[in-house]
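Student: I have not looked at this structure before. Could we go through it in questions and answers?

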Amino acid sequence: MSRGTIILSIVCTAALVVVLWLFFTNPVFFDWAFARHQNTLSWIARPVLVLPYCYFAWRRWLPGVILAVLAIVTSMFWFPVPAAPREDVLAFLAMERALLQSGWTTANLLGALAVAVYFGLVALAFWRRSLWLGFVVVAMGAGVKLLWSVLFSPEAGSAVAPFAIFGVLLLGLVLVLLRGLKKRP
């Protein structure tokens, strides 16, 4: 890696750490972010942002991978608070808020580990140039997220379903299109 790539990776990582630190230590920032996360555009943005994450892993460009994670994390507060948020979204986010504010319980530690392992496996699959494995990992991650959502919020967890399915279908479509373009003479 070049010196510039290393510096850019460090800067992107520092920005990610600052955002996560603010999110988990500043109640005002936490509430501000969660109010905006009621906007389902942020729920659409996350699966869309998995595409650049996969692309940068494929290109083996670490700063891009870290920047994509930063974009995924911050996308929860890119959009304005909705005028009329969906009831199932409010119920699901109430469960997520309570869970995140409950401290570093075993469940939260396992959840954080699961997210880190997911991102690591997706990056590894694409870094090794395995489109099929990358797609399988993303699909399994979406399935686990959906299962977790329904288990932890039986009344509202299914609100996640269209967004999880959209993300898998979007990645699948992009991979099929790329594969088709690659086969063209």
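**Salt bridges, rings, surface and loops**

Tutor: Glu-96 is buried, with a relative accessible area of 14%; buried means under 20% relative accessible area, exposed over 50%, and partly exposed in between (1.4 Å probe, protein chains only). This is a predicted model, in which local features need pLDDT of at least 70 and side-chain atom pairs count only at pLDDT 80 or more, while totals for chains, interfaces and linings use all residues. Residues are numbered from 1 along each chain as its sequence is written, and side-chain values use heavy atoms, with hydrogens and water left out.

Student: With which residue does Glu-96 form a salt bridge?

Tutor: A salt bridge is a side-chain nitrogen of Lys or Arg within 4 Å of a carboxyl oxygen of Asp or Glu. The pair has its closest N and O atoms 3.3 Å apart, and it links distant parts of the chain, helix 7 and helix 5, over 49 residues. Helices here are DSSP runs (H or I, at least four residues), numbered from the N terminus. The partner of Glu-96 is Lys-145.

Student: Is Lys-145 buried or partly exposed?

Tutor: The relative accessible area of Lys-145 is 34%. Buried requires under 20% and exposed over 50%. Lys-145 is therefore partly exposed.

Student: How many residues apart are Arg-97 and Asp-31?

Tutor: The side chains of Arg-97 and Asp-31 meet in a salt bridge at 2.5 Å, N to O. Arg-97 is in helix 5 and Asp-31 in helix 2, so the pair links distant parts of the chain. Arg-97 is partly exposed at 24% relative accessibility, and Asp-31 is partly exposed at 36%.

Student: How many salt bridges does a search of the whole structure find?

Tutor: Among them is the bridge between the side chains of Arg-86 and Asp-88, at 2.8 Å, N to O. Arg-86 is partly exposed at 35%, and Asp-88 is partly exposed at 29%. The search of the whole structure finds 3.

Student: Which residues of helix 2 are buried?

Tutor: Helix 2 covers residues 27–37. What covers its buried residues includes helix 1, helix 3 (40–58) and helix 5 (87–100). The buried residues are Phe-29, Phe-30, Ala-33, Phe-34, Ala-35 and His-37.

Student: Which residue caps the N-terminal end of helix 2?

Tutor: The cap uses a side-chain oxygen that lies 2.9 Å from the backbone nitrogen of Val-28. The residue that supplies this oxygen is Asn-26.

Student: How many aromatic pairs does the structure hold?

Tutor: Rings of Phe, Tyr and Trp (its six-membered ring) pair if their centres lie within 6.5 Å; planes under 30 degrees apart count as stacked, over 60 as edge-to-face and the rest as tilted. The structure holds 18.

Student: What is the angle between the planes of Phe-23 and Phe-30?

Tutor: Both Phe-23 and Phe-30 are buried. Their rings form a tilted pair, 4.7 Å centre to centre. The angle between the planes is 45°.

Student: Why are Phe-30 and Phe-34 separated by about one helical turn?

Tutor: Phe-30 and Phe-34 also form a tilted pair, 4.9 Å centre to centre with 40° between the planes. Phe-30 is buried at 5% relative accessible area, and Phe-34 is buried at 3%. The separation is about one turn because, in helix 2, the two lie apart by 4 residues.

Student: Which residues do ring pairs link into a cluster?

Tutor: Phe-30 and Phe-34 are included in this cluster.

Student: With which residues is Ser-9 in contact, leaving aside neighbours within four places in sequence?

Tutor: Ser-9 is found in helix 1 and is buried at 6% relative accessibility. Contact means heavy atoms within 4.5 Å. The residues are Leu-62, Pro-63 and Ile-66.

Student: What is the phi of Arg-60?

Tutor: Most residues other than glycine have a negative phi. Arg-60, in the loop between helix 3 and helix 4 (62–74), has a positive phi although it is not a glycine. Arg-60 is partly exposed at 42%, and its phi is about 60°.

Notes:
A polar contact is a pair of N or O atoms within 3.5 Å; within protein, one must be able to donate a hydrogen and the other to accept it, and residues adjacent in sequence count only if both atoms are side-chain atoms.
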